[in-house]
Amino acid sequence: QVQLVESGGGLVQPGGSLRLSCAASGSIFSILAMGWYRQAPGKQRELVAVRTNGGTINYADSVKGRFTISRDNANNMVYLQMNSLNPEDSAVYYCNADLLTLGAARGNYWGQGTQVTVSS
């Protein structure tokens, strides 16, 4: 079993900052990539940022220059520093991991999501 647990969401004013954290645990052999997606009401889930084991990072165009993804590989964690937030960033943010389990099975896993609301 693999679990992803997010934390750090909440309510913030426009222009403010939040830092999301995600911890992966369980029968993990190797994490190939970890990242963040978001889903706003009535919209499809979209990629926010992802970082591979090799250090390749991809950001959605809408967050470039404002959000920063980082990983703590030793502790199977990923972070998302979000600055200059605006109401369009309001969504449920989901942690995602592409990994190999101890049984050598490759799988894609999701956290339960954390709400980010940007409002004055």
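Which residues does Glu46 touch, not counting residues up to four places away in sequence? Glu46 touches Tyr37 and Arg38, where contact means heavy atoms within 4.5 Å.

Before I continue, a word on the basis of this talk. This is a predicted model, in which local features need pLDDT of at least 70 and side-chain atom pairs count only at pLDDT 80 or more, while totals for chains, interfaces and linings use all residues. Residues are numbered from 1 along each chain as its sequence is written, and side-chain values use heavy atoms, with hydrogens and water left out.

Let me stay with Glu46. Glu46 is found in strand β5, residues 46–52; helices (H or I, at least four residues) and strands (E, at least two) are DSSP runs, numbered from the N terminus. With a relative accessibility of 34%, Glu46 counts as partly exposed. The cut-offs are these: buried means under 20% relative accessible area, exposed means over 50%, and partly exposed lies in between, using a 1.4 Å probe and protein chains only. Between Glu46 and Gly65 there are 19 residues in sequence and 18 Å in space, C-alpha to C-alpha.

I turn now to the disulfide. A search of the whole structure finds one, a disulfide being a pair of cysteine sulfur atoms within 2.5 Å. A disulfide is a covalent bond between the sulfur atoms of two cysteines. Here the partners are Cys22 and Cys95, with their sulfur atoms 2.1 Å apart. Cys22 lies in strand β3 and Cys95 in strand β9, residues 91–101, so the pair ties together parts that are 73 residues apart in sequence. The torsion about the S-S bond is about -85°, and the disulfide of Cys22 and Cys95 is therefore left-handed. Are these cysteines buried or exposed? Cys22 is buried at 0% relative accessibility, and Cys95 is buried at 0% as well.

Next, the strands. In a regular strand the side chains alternate between the two faces of the sheet. Strand β1, residues 2–7, has Val2, Leu4 and Glu6 on its covered face, and Gln3, Val5 and Ser7 on its uncovered face. Strands β1 and β3 (residues 18–26) run antiparallel and are joined by six bridges; two strands pair if DSSP finds at least two bridges between them. Within this pairing, Val5 stands opposite Ala23 in β3.

Strand β11, residues 114–118, likewise has two faces: Thr114, Val116 and Val118 are covered, and Gln115 and Thr117 are uncovered. Which strand pairs with β11 in the parallel sense? That is strand β2, residues 10–12, over three bridges, with Val12 opposite Val118 in β11. Strand β9 also joins β11 through three bridges, in this case antiparallel, and the bridge partner of Val92 in β11 is Gln115.

Ala91 also lies in strand β9, and is buried at 3% relative accessibility. Leaving aside residues up to four places away in sequence, Ala91 touches Arg38, Gln39, Ala40, Thr114, Gln115 and Val116.

Finally, the backbone. Most residues other than glycine have a negative phi, and most peptide bonds are trans. Asn76, in the loop between β7 (67–72) and β8 (77–82), has a positive phi near 55° and is partly exposed at 24% relative accessible area. Ser84, in the loop between β8 and β9, has a positive phi near 50° and counts as partly exposed at 44%.
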